[in-house]
Amino acid sequence: MALERTLSIIKPDAVQKNVIGRILMRFEASGLKIVAARMTRLSRAEAEGFYAVHRGRPFYRDLVEFMTSGPVLVQVLEGEGAIAKNRELMGATDPKQAAKDTIRAEFATTIDANAVHGSDSADTARTEIDFFFKPGEIFTR
Ligand code: ADP
Ligand code: MG
């Protein structure tokens with residue numbers, strides 16, 4: 001497996017629930033390193049741009065509304081197979097379908113407020129990391 005980087009977002013619901021640390025602990029426990037992190041509140045334009053691939057989907061408006069509803073923690077995770085590993089830790093999009101012990105099974109409440117975002121391929125990881133971080137803001141250790 002290759003050393004990869006992936007973008008993770010702890011969404012407004014999980015920040016509001018005060019479980020940032022418990023989610024980050026799962027990344028570290030699985031061997032992923034947090035090589036960049038920033039708390040921010042997305043503007044409407046940022047949320048629309050970030051989720052541009054979903055424009056036109058029935059849930060797009062609600063998704064943008066939700067992602068701008070409060071602060072988020074954006075991070076870059078690095079490790080062997082980081083993209084798939086993060087998706088595995090996250091669990092299915094709908095928390096009701098998410099496997100036991102995944103982040104979404106434990107912390108998410110609905111398909112909208114589902115606690116975390118994670119890049120789904122090498123291409124989207126690159127685009128999504130560039131969306132939030134300059135190269136000098138990522139610290140490989
Ligand atoms: P994932 O976040 O698991 O990669 P998608 O990329 O398909 O899922 O969707 C992006 C986000 O849009 C989801 O995390 C969820 O917050 C929201 N979403 C996806 N599908 C639905 C849906 N059917 N109803 C409401 N919100 C949805
Ligand atoms: Mg996705």
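This is a predicted model: local features need pLDDT of at least 70, side-chain atom pairs count only at pLDDT 80 or more; totals for chains, interfaces and linings use all residues.
View 1. The backbone of Ile-111 places a polar atom 3.1 Å from an oxygen atom of ligand 1. A polar side-chain atom of His-54 is 3.0 Å from a ligand oxygen, and an N or O atom in the side chain of Asn-114 lies 2.8 Å from an oxygen of ligand 1. Polar contacts here are pairs of N or O atoms within 3.5 Å. The protein buries 79% of the 530 Å² that ligand 1 exposes when taken alone (Shrake-Rupley areas, 1.4 Å probe).

**View 2. The shell around ligand 1.** Residues with a heavy atom within 4 Å of the ligand count as near; among them are Lys-11, Phe-59, Arg-87, Thr-93, Arg-104 and Asp-112. The shell comprises four charged, three polar and three nonpolar residues.

View 3. A pocket is an open set of points on a 1 Å grid over the protein atoms alone, where a 1.4 Å probe fits, with protein on both sides within 12 Å along at least five of seven lines; lining residues have an atom within 4 Å of a point. Of the 27 lining residues, Tyr-51, Val-53, His-54, Leu-63 and His-117 lie nearest the centre. Helix H7 (122–132) is among the elements giving two or more residues; its share, four residues, is the largest.

Residues are numbered from 1 along each chain, and ligands from 1 in the order written. Local features need pLDDT of at least 70, side-chain atom pairs 80 or more, and hydrogens and water are left out of side-chain values.

Notes: A polar contact is a pair of N or O atoms within 3.5 Å; within protein, one must be able to donate a hydrogen and the other to accept it, and residues adjacent in sequence count only if both atoms are side-chain atoms. Ala, Val, Leu, Ile, Met, Phe, Trp, Tyr, Cys and Pro count as nonpolar, Asp, Glu, Lys and Arg as charged, and the others, Gly among them, as polar.
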